[in-house]
Every structure is written in C-alpha cells, then in structure tokens.
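Biologist: I have a model open and would like to learn how to read it feature by feature. Could you walk me through it?

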Amino acid sequence: MMPRRWRRVVAVATVVVVGISGCGWRGVNSLPLPGTEGGGPGSYEIEAELPDVTNIQQNSRVRVGDVTVGRVTRIERKGWHALVAMRLNGDVDLPANVTAKVGQTSLLGSLHVELAPPTGVAPVGRLHEGSVIPLSHGSAYPTTEQTLAALSTVLNGGGLGQVQDITQAFATAFGGRADELRSFVTQLDRFVAQLNDQKDDIISATASLNDLAAQFADQKPVVDEAFRTIPDALAVLADQRQNLTEVIDQMGRLSALAADSTNQVKDSLVKELHDLGPVLESLANAGPALTRSLSFFLTYPWPNETIDKWFRGDYANQTLIIDLTLSRIDAGFFTGTRWEGDLTELELQWGRTIGQMPSPYTVGNPLIVPYHLDQGP
C-alpha cells in the first residue's frame, strides 16, 4: 500500500500533467523563464514578419547593438513566412521603421533576433505596443549550415584547386623577364598618371557627349520624320536611276571634250596668260593710285584732298571757264561716238581753228555770220 502522502503527490502531479497537456504543452521554453528581459514595468509587445527563423525558439533573446532588451514570446506561421512576437523593455526607444534580423552569437552559439535602426533612410515614428515590422524589413544572417555549405562548394567544386596552376603559369610567364615586367609597370604607372592629368578633359568630353545626346533626344521628332521620309526619297532615286546614269555618262563625255579642247588650245591659253601677266602687273603697280582716286567719286567734281579749300564754312569758292566752241564740245562729248569730228569739221568750215581767233573769211562771229559754201580755212 502506498502511503497517503505519496498518493496526494501523485494525484497533484497527474492533475498538473493533464492540465498542461490540455493547454498544449510545448516544453519548458513555452513558459516565461525567470531572469529574461522584457518583463519589467512599461514593457510592450511587438511583432515582426521574417522570411525564415531557422531554429529560433521562444524565450530567445532580442538584442539591440549586442545588448539584450527583450525575448521572443511567440512564433507563428503567416502565409509563407513566420510571424514572431517579442516583448521589449519599456526603455527601448527605436523608430517604427526598424529592421529585424535572425542572427547567431557565434559559429555554434544560440540564435537571437537583432533589431536595428534603418540605414540609408531617415528614422520614422517610434515602436509601441502592437507595432508590426513588415516582411520588407525582415531578414536573416547566414546560418552555420549555409556557411559550411558555401565553403564546401568553394573548396571542392570551386576554383581554389586551380590557384596553384595559375601561380605556376604566372611564374613561367614572368620567369627571366624581370626587366620587361619592370618596364611594363613603369609605363603603366606613367599611363595612369597621364590619364589622371587628363581627367578634367575626359569629364568635359563626357559632358559634351551627354549634351550632344540630349540635343539628339530633343530632335527625336525631326529624326523620326527623316527616317520616315528617307525610304520615299530612296524610292524616287531608284525610279530616276536611269536618268542619273545618263546624266553621269553625259558629264563624262563633257569632261572628255573639255579635256580635249584644253589640250588643243593649251599653247594659246598659256600665251594669253603670259601676255596677261604684264597687264596684271601694271594694274597691281597702279593699285595705290587707283585706291587714292576712289576718294574723288565721293566729292565729284571736286577732289577730296582740296575740297576744304573750296568749301569753307557757309560759302564756296568757284572759278569757271566755259568753252562752248564746237571743237571743244566735239572733243568733250562726242569722242568715240559716230558723231566724232562732225562739229570740228563744221567749225573749220566756219573759219575757226582750236586756239585761234575766227578766220578772216567769216569777218565776225561765226555763229551769226551767214555761211558760204565756198569759204574755207
């Protein structure tokens, strides 16, 4: 027979086990453990959506900058990712856009959730009771298994085993060529230095090219219209191909005729050019006088050089000699025309010669004395 005291202990243990199994017993970690963070006054609970929580358990630590500030209270599945509930100390002050990562303290250490302010963006808001960190801000560090698997790939299937072959190939290529290698390194250093000196020009050229590309982009409608028009223009050229061929052929014949004509008259042409040389030389020699004479046309009929002697303020000095004899009119107005000499001949018939008084035959003014056919000089 079992003593009554032990029967009571067994009954209590049985009731506790039955009660715990009815509440879903999940081990000791499912119960709040003494000495963990996140249970003091002002503590609050948040949730984080994580793509993978690996082997993390309840009561795992929640850390901020290697300092434990809370614990994991619940892990659930939400769709295709995990939803982790955490309880933090009341003095934890983090922005609402905080990031959450599953990390490991060492290669064989325990797992924990690491909270950190966002990088690259400004902090927004503040974490509070019921805050949810979205999946876009959740991630996980590589686990020990993933690290060892990657290292195994590098050591076994990677290129690490070929390092010796590469080193040996370099040694064979550079063996006995120390001077050439040294010269190459020197020239490479000089090239890099010159390239560095021209970096401003390179940047300027790049900027100019960028501006040119921008101008082409601005002219895109024009370029598109040109591309649409070019096929029609090529079609017109194709239709006129026979005419263009004929024109080119005729131009070839014309060139042949011009060459033949030039060969035939080249001696005469050379002689004419040779005779033209003195004329051009004389014209060049008369250049100063010719340019000076151009000033006369601006002040005709008074020379520009002496116009200040004629026009003096509000009056002008002028002396005129008017010769209305027929020979002067003939020489002044009809020289080189079909009437050249007619007036002079008429004046001679009237008995007047240039530079002489009227002939005695006229016995008076030749303009009013009757004219006789038999009179002469």
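Predicted model: local features only at pLDDT ≥ 70, side-chain atom pairs only at ≥ 80, totals over all residues.

Biologist: Where is Glu-49 placed, and is Glu-49 buried or exposed?

Modeller: Glu-49 sits in strand β1, which covers residues 44-50. Anything under 20% relative accessible area counts as buried, so Glu-49, at 12%, is buried.

Biologist: With which side chain does the side chain of Glu-49 make a polar contact?

Modeller: With that of Lys-78, at 2.7 Å. If you look around Glu-49 and skip residues up to four places away in sequence, you find that Glu-49 touches Lys-78, His-81, Ala-82, Leu-83, Val-132, Ile-133, Pro-134, Leu-135 and Gly-138.

Biologist: What does the picture look like from Lys-78?

Modeller: Lys-78 belongs to strand β3 and is partly exposed, with a relative accessible area of 39%. Leaving aside neighbours within four places in sequence, Lys-78 is in contact with Glu-49 and Leu-83.

**The overall picture**

Biologist: Let me step back. How many helices and strands does the protein have?

Modeller: There are twelve helices and ten strands. The protein has 377 residues, and buried residues make up 16% of them. For contacts, take those between residues at least 6 apart in sequence: 58% of these join residues at least 24 apart.

Biologist: How should I read a nonpolar core?

Modeller: The general idea is that nonpolar side chains tend to be buried together in soluble globular proteins. Here, the largest nonpolar core has 23 residues, and the members that touch the most others are Ile-46, Val-62, Met-86, Leu-88, Val-113 and Leu-115. The elements giving two or more residues to this core are β1, β3, β4 (81-88), β5 (99-104) and β6 (111-116).

Biologist: Which residues does Val-113 touch, not counting residues up to four places away in sequence?

Modeller: Val-113 touches Ile-56, Arg-61, Val-62, Arg-63, Val-72, Met-86, Ala-100 and Lys-101.

Biologist: And Lys-101, on that list: which strand is Lys-101 in?

Modeller: Lys-101 is in β5. With a relative accessible area of 30%, Lys-101 is partly exposed. Beyond four places in sequence, Lys-101 touches His-112, Val-113, Glu-114, Ser-139 and Tyr-141. The C-alpha atoms of Lys-101 and His-112 are 8.4 Å apart, and the two residues are eleven apart in sequence.

Biologist: Where do I find Asn-59 and Asp-66?

Modeller: Asn-59 is in the loop between β1 and β2 (61-64), while Asp-66 is in the loop between β2 and β3 (67-78).

Biologist: Could we try one more loop residue, Thr-143?

Modeller: Thr-143 lies in the loop between β8 (138-140) and α2 (144-157), and is buried at 13% relative accessible area. Apart from residues up to four places away in sequence, Thr-143 touches Thr-54 and Gln-104. Along the chain Thr-143 and Thr-54 are 89 residues apart, yet 8.2 Å separates their C-alpha atoms.

Biologist: Which residues make the contact?

Modeller: From α11 they are Leu-326, Ser-327, Ile-329 and Asp-330, and from α12 they are Asp-342, Leu-343, Thr-344, Leu-346 and Glu-347. By type, the residues of this contact are four nonpolar, two polar and three charged.

Notes:
Residues numbered from 1 in each chain as written. Heavy atoms only, no water. Contact = heavy atoms within 4.5 Å. Helix = DSSP H or I, 4+ residues; strand = E, 2+ residues; numbered from the N terminus. Nonpolar A, V, L, I, M, F, W, Y, C, P; charged D, E, K, R; others polar. Buried < 20%, exposed > 50% of the residue type's maximum accessible area, 1.4 Å probe, protein only. Polar contact = N/O pair within 3.5 Å; in protein donor to acceptor, adjacent residues only side chain to side chain. Core = buried A, V, L, I, M, F, W, Y, C linked by side-chain atoms within 4.5 Å.
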